[in-house]
Amino acid sequence: LPSRSQIDSILRFLPAFKRQGFWFERVIWESGQVSYVEKSPEAEMFLRALKENGWALPVSTAAWVRGAGNWLHDSSPVDSASFATLRHLFSSWLQKDELLPGHLGALYERGDLTAALERLQTLSETQSTMNGETSRSRRALRS
């Protein structure tokens, strides 16, 4: 399970991702051609937070890469994703964005990045509640 600090390191971006007018990235055109993809400052910080806090693992199996590709067509399973599944998704999404700049922007526009963070928030709240109940139960047993 990810630590509280690992979770918080990326959940802090959820309000920005949900803010009206927020842009994750945009295409910069020069001379009528795509020159590059510019990420917003928050997107750059989010990507750095993923990499520095254990959310970006090497994608080690072709099966996971194929599985993550399936999410491009149907992102509804994110509603039931586990911590491990979210970590694999973030990892494969990052890897694909390095090969195909603009991939993460498309996922943001479609709502997948925000949905993954919302799922992480739900899992985190559930974990906190369970940890709180476990702590209360231990205290009650000691009394």
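Trainee: Among contacts in the protein chain with a separation of 6 or more, what percentage comes from residues 24 or more positions apart?

Mentor: Please keep in mind that this is a predicted model. The contacts considered here have a separation of 6 or more, and the share asked for belongs to residues 24 or more positions apart. That share is 68%.

Trainee: In what order do the elements of the protein chain run from the N terminus on?

Mentor: The protein chain has seven helices and two strands. Read from the N terminus on, the order is α-α-β-β-α-α-α-α-α.

Trainee: Which residues of helix α6 are buried?

Mentor: Across the protein chain of 143 residues, 36% count as buried. A residue is buried if its relative accessible area is under 20%. Helix α6 covers residues 103-110, and its buried residues are His103, Leu104, Gly105, Leu107 and Tyr108.

Trainee: Which residue just after α6 takes a positive phi?

Mentor: The phi in question is about 100 degrees. The residue that takes this value just after α6 is Gly111.

Trainee: Is Val34 buried, partly exposed or exposed?

Mentor: Val34 is found in strand β2, which covers residues 33-39. Buried means under 20% relative accessible area and exposed means over 50%. The value for Val34 is 47%, so Val34 is partly exposed.

Trainee: Which residues form a nonpolar patch on the surface?

Mentor: The protein chain exposes about 8,500 Å², of which carbon and sulfur atoms supply 52%. The patch has about 310 Å² of accessible area, counting its members together. Those members are Val27, Trp29 and Val34.

How values were computed:
Residues numbered from 1 in each chain as written. Predicted model: local features only at pLDDT ≥ 70, side-chain atom pairs only at ≥ 80, totals over all residues. Heavy atoms only, no water. Patch = residues over 30% accessible without salt bridge, like charges linked within 9 Å, V, L, I, M, F, W, Y side chains within 5 Å. Areas by Shrake-Rupley, 256 points an atom, 1.4 Å probe, with all protein chains shown as cover. Salt bridge = Lys/Arg side-chain N within 4 Å of Asp/Glu carboxyl O. Helix = DSSP H or I, 4+ residues; strand = E, 2+ residues; numbered from the N terminus. Buried < 20%, exposed > 50% of the residue type's maximum accessible area, 1.4 Å probe, protein only. Contact = heavy atoms within 4.5 Å.
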